[in-house]
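Have the sequence and the 3D view open as you read.

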Amino acid sequence: MADSVKFWFDPSCPWAWMTSRWVEEVSALRGFDVEWKVMSLAVLNEDQDVSEEYRAFFPRALKYTRLVAAAQELHGQKTVKALYDALGARIHLGGSTNPDEVIPAALAEVGLPASFAEWADSDHYDVQMRASHFDGMERVGQDVGTPVIAVNDVAFFGPVISPAPSGDAALKLWDGVVAVAGYDGFFELKRSRTREPIFAAAATVPAE
């Protein structure tokens with residue numbers, strides 16, 4: 001059983017969302033807790049040469065990241081996970097690209113006041129957000145993205161999966177990934193993606 005599992009995510013990343021559903025499944029089956037920690041694709045790429053289209057996405061992504069960072073500072077882990085779930089259901093399952101729709105609905109779902117939305121446009125907790133981001137990145141290096149998982153003292157990027165497995169398949173993948181990542185000399189295992197994120201058919205966005 002894992003003693004300590006940490007998961008870094010950017011709420012906007014569909015691949016992190018897929019992996020988080022897998023980690024959630026394994027944590028329930030194995031009985032361990034997960035510390036959910038925010039990271040930022042906007043911060044990760046702020047000094048990188050990326051396309052204008054991708055850079056135009058950063059302000060929207062930063063809104064969600066700042067909102068979750070504020071939830072961590074003001075309400076703690078329980079609210080972080082609940083808010084991530086509520087945001088992700090609308091962003092990834094619902095396909096919404098409008099923060100002005102996503103944020104109020106997500107806040108209402110988790111029981112936060114509508115006024116909490118102001119944190120999405122505030123840099124008040126950017127120091128804490130960046131500290132969380134770099135805590136994850138420093139464990140795996142700067143040439144990867146989200147998600148990052150740390151199991152005790154072993155940290156790794158990914159895995160990038162689609163769809164998220166469940167039951168025995170989820171446990172088998174978990175044990176394999178942790179075993180490979182636990183070898184001190186292991187650094188990389190990769191193949192090209194051949195499919196987009198496949199979200200669970202049973203998962204639905206809560207009615208507003």
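## Helix 4, end to end

The expected span of a helix is 1.5 Å times one less than its number of residues. Helices here are DSSP runs of H or I with at least four residues, strands are E runs of at least two, and both are numbered from the N terminus. Helix 4 (residues 77–93) has 17 residues and runs 23 Å from its first C-alpha to its last, close to the expected 24 Å. After helix 4 comes G95, with a positive phi near 75 degrees.

This is a predicted model, where local features need pLDDT of at least 70 and side-chain atom pairs count only at pLDDT 80 or more, while totals for chains, interfaces and linings use all residues. Residues are numbered from 1 along each chain as its sequence is written, and side-chain values use heavy atoms, leaving out hydrogens and water.

## What covers helix 4

Twelve of the 17 residues in helix 4 are buried (under 20% relative accessible area, with a 1.4 Å probe and protein chains only; over 50% is exposed, in between is partly exposed). Among them are V80, L83, Y84 and L87. Their cover includes strand 1 (5–9), helix 1 (14–30), strand 2 (34–38), helix 3 and helix 5.

## Helix 3 meets helix 5

The axes of helix 3 (residues 52–75) and helix 5 (residues 99–110) come within 11 Å and cross at roughly 15 degrees. That makes the two helices roughly parallel (angles under 35 degrees). Axes are lines fitted to C-alpha atoms, for helices over the stretch in contact, and angles run from 0 to 180 degrees between N-to-C directions.

In this contact (heavy atoms within 4.5 Å), R60, K63, Y64 and L67 of helix 3 meet P99, V102, I103 and L107 of helix 5.

Terms used
Angles under 35 degrees count as roughly parallel, over 145 as roughly antiparallel, 65 to 115 as roughly perpendicular and the rest as oblique.
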